[in-house]
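Hello,

Here is the structure we talked about, with some notes on what turned up in it. Please keep it open while you read.

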Amino acid sequence: MGLSREDVDSFYYGFSNEVVWPLFHDLQTRCRFEPEYWKSYRRVNGLFARAVSRYTRAEDFVWVHDYQMIPVASMLRSSGVKRNCVFFLHIPFPPPDIFLKLPWREELLKDFLEYDFVGFQTMRDRRNFTDCLRALIPDWRVSGRGPVATVSSGGRRIRVAAMPISIDYRSFRDMAKSARVSRILKDLKRQLPREKIAIGVDRLDYTKGIPQRIRAFGEALRSFPELRERITFIQIVVPSREDVPAYHELKEEIERLVSSVNGEFSTPGWVPVHYMYKSIPREELVAYYRLADIALVTPLKDGMNLVAKEYCACQVDDDGVLILGEFAGAAAQMHRGAILVNSYDIQGMAKAINEAVNMPVEKRKGRMRRLRAGIRRQNVFWWVDNYLRASTGKALVDFPETDMAPVFHALIRRSPESQEG
Ligand code: GDG
């Protein structure tokens, strides 16, 4: 099955990346609600559904991933094909006042309800989803506490869950210890002989908070002059969705900010921000993670953010500080070991950078040990296992208390879902 250029433009770049992606990251002013995009999104999902029906049998278990493919189950059902179909959303689910902007809000919400099981990254997302259900399709009832809830209407009953994805902890840890990575690390240390290195690693995306982070780094150098010449910030940006105009503009904005910070603070022999716009091999990435004393993971909003987990897995000497945005899904599991920041707060992030630079070694190690122990236990195999258990009605194993970043705690106590039994 091939997609035409028009399909790719309107289904992928259009509806998926100019409607669902910005809307679900709370950036509705970036959305282009083109009716043509919606039509194409559903038509192309019909093609995916046809392929699923052709290549699977009735007894197969079909696991659909992510926001490009939300309508696959309803497309299967409307063509009379029965499958046990489950779904996982890798990106956040927005709160009702954002989701309600979508012109096709009821249809898209109903598409979720055609799956037998829907997994979200965090409680925040699952709660937003059930809040939207209450607002738009009130005959669906939500019941149950804890990570897996049930939503039902008439005879139909589906489960919705918060299932935080993770990484292959051992493969990152072992690579970080390998001779090859140690060699790359040695070279990097020779070329960047600074006391402290901070790192950011992101796909080029306006949700990742890269301009705010560069500004925060500049602000840290301005507010804490003793950091100058002591710290270097390496920002790796991986090219992504270059056919979407907003991404071009973002790239230019990042380049302007990097040169402005460097113009203001560089001295002979010290360039404060090293900016790389390319994809690098995994071993090199792991060497950079090891090199970095501080990781700046400050998305404006993120389903999870695997970079936060990878960075910690690679700190094989337990030494390193994670500065983590509280709107990343990862903050629900990692808030106790990380320095949490509001990724829109430039001065708050600047202070966090200063705090990270000055954190005593015992505190750094204690926090990093805690972070790594969490990721080691709740790794990607734990995630797959629990996803499959939950989606087939089995009990979860070693599952965390339904946690959220502290800023959301008061909200969850008030939510009607948490009061239903
Ligand atoms: C979506 C959600 C959710 C990056 N640069 C290089 C490189 N990477 C790898 C990282 C990491 C991955 O890309 C990025 O993962 P994220 O989780 O940060 O973000 P998204 O791509 O936006 O992913 C997100 C995720 O799905 C999983 O559910 O966490 O919230 O948006 O693995 O290591 N890898 C290599 N070279 C690079 O230069 N080799």
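The side chain of Ser-16 comes within reach of the backbone oxygen of Phe-11, at 2.8 Å. Keep in mind that this is a predicted model.

Ser-16 belongs to helix α1, which covers residues 5-24. Is Ser-16 buried or exposed? Ser-16 counts as buried because its relative accessibility is 0%, and buried means under 20%. Once neighbours within four places in sequence are set aside, the residues in contact with Ser-16 are Phe-11, Trp-21, Tyr-41, Tyr-67 and Gln-68.

Next, the sheet. In general, strands of a sheet pair through backbone hydrogen bonds, and the pairing is either parallel or antiparallel. Here six strands form an open sheet with mixed pairing, in the order β1-β2-β3-β6-β5-β4. At the edges are β1 (61-65) and β4 (141-143), each of which pairs on one side only. On average, neighbouring strands of this sheet are turned by 20° against each other, direction ignored.

Which strand does β3 run parallel to? Strand β3 (residues 117-120) runs parallel to β6 (residues 156-162), and four bridges join the two. Opposite Phe-120 stands Ala-162 in β6.

A helix also packs on the sheet: α5, residues 105-113. Helix α5 touches β2 (84-88), β3, β5 (148-153) and β6. The direction of α5 makes about 90° with that of β6.

Regards

Technical notes:
Residues are numbered from 1 along each chain as its sequence is written. This is a predicted model: local features need pLDDT of at least 70, side-chain atom pairs count only at pLDDT 80 or more; totals for chains, interfaces and linings use all residues. Side-chain values use heavy atoms; hydrogens and water are left out. Two strands pair if DSSP finds at least two bridges between them. Axes are lines fitted to C-alpha atoms, for helices over the stretch in contact, and angles run from 0 to 180 degrees between N-to-C directions. Contact means heavy atoms within 4.5 Å. Buried means under 20% relative accessible area, exposed over 50%, partly exposed in between (1.4 Å probe, protein chains only). A polar contact is a pair of N or O atoms within 3.5 Å; within protein, one must be able to donate a hydrogen and the other to accept it, and residues adjacent in sequence count only if both atoms are side-chain atoms.
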